[in-house]
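This report concerns a single protein chain. Please examine the sequence and the model below before reading on.

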Amino acid sequence: MPIEIPQALADSHRAHSTGSGWIDALPALAAEMLERWALTPAGPGRHGVVALVVPVTTADGTPAALKLQPVDEESADEPVALRAWD
């Protein structure tokens, strides 16, 4: 099941410094991460200005979320924080 990129998220990236490159690569990145971590999409993605968050289930059926966003100075340490907050 391919991940649909919300138009508002695409427009946001095209209007700001990230440009079209990252948003154009996002479907392939999402597919790669879903496969890598054996995740199954469980509903439509949600977004803010920068990130796409897709509800997923893990291979054992645990609900989770896949968050994808460009890495920059502000977001580089976010995985550490998300792990700490569980």
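## Basis of the report

The structure is a predicted model. Every value quoted here was computed from that model.

## The nonpolar core

The largest nonpolar core holds 15 residues, and Leu26, Leu66 and Leu68 are those that touch the most other members. H1, H2, S3 and S4 each contribute at least two residues to this core. H2 provides the largest share, namely six residues. In soluble globular proteins, nonpolar side chains tend to be buried together.

Once its neighbours within four places in sequence are left aside, Leu26 is in contact with Ile5, Leu9, Leu52 and Leu68. Leu66 belongs to strand S4, and it counts as buried because its relative accessibility is 4%. With neighbours within four places in sequence again set aside, the contacts of Leu66 are Ala30, Met33, Leu34, Trp37, Leu39, Leu52, Val53, Val54 and Val56. Leu66 and Leu82 are 16 residues apart along the chain, and their C-alpha atoms are separated by 11 Å.

Helix H1 spans residues 7-15, and Leu9, Ala10, Ser12 and His13 are buried in it. These four residues lie on the same side of H1, because they cover an arc of only 160° around the axis. An α-helix has 3.6 residues a turn, so residues three or four places apart point the same way. Gln7 and Ala15, by contrast, are exposed on the other side of H1.

Helix H3 has eight residues, and the number buried among them is zero, so this helix lies largely in the open. Asp86 follows H3 and has a positive phi, near 55°.

Ile3 is located in the segment before H1. Its relative accessibility is 13%, and therefore Ile3 counts as buried. Apart from residues up to four places away in sequence, Ile3 touches Ala30, Leu34, Pro41, Leu52 and Val54. Between Ile3 and Asp60, which are 57 residues apart in sequence, the C-alpha to C-alpha separation is 21 Å.

Pro44 is situated in the loop between S1 and strand S2, the latter covering residues 46-47. At 66% relative accessibility, Pro44 counts as exposed. The C-alpha atoms of Pro44 and Ile3 are separated by 7.9 Å, although these residues are 41 residues apart along the chain.

Ala38 counts as partly exposed, because its relative accessibility is 41%.

Which residues does Ala38 touch, not counting residues up to four places away in sequence? They are Thr57, Thr58 and Ala59. For Ala38 and Ala59, which are 21 residues apart along the chain, the C-alpha atoms are separated by 5.7 Å.

## The largest pocket

Rolling a probe the size of a water molecule over the atoms shows where empty space is left. In this model, the largest pocket contains about 580 Å³ of space. Its lining consists of 19 residues, of which Trp37, Lys67, Leu68, Pro79 and Leu82 lie nearest the centre of the pocket. Divided by class, the lining has 14 nonpolar, two polar and three charged residues.

At least two lining residues come from each of helix H2 (19-36), strand S3 (52-57), strand S4 (63-68) and helix H3 (78-85). The element that gives the most is S4, with five residues.

Conventions:
Residues numbered from 1 in each chain as written. Predicted model: local features only at pLDDT ≥ 70, side-chain atom pairs only at ≥ 80, totals over all residues. Heavy atoms only, no water. 1 Å grid on protein atoms, 1.4 Å probe; cavity = no way out; pocket = protein on both sides within 12 Å on 5 of 7 lines; lining within 4 Å. Points joined across faces, edges and corners; volume = space filled by probe spheres on them. Nonpolar A, V, L, I, M, F, W, Y, C, P; charged D, E, K, R; others polar. Buried < 20%, exposed > 50% of the residue type's maximum accessible area, 1.4 Å probe, protein only. Arc of directions from axis to C-beta. Core = buried A, V, L, I, M, F, W, Y, C linked by side-chain atoms within 4.5 Å. Contact = heavy atoms within 4.5 Å.
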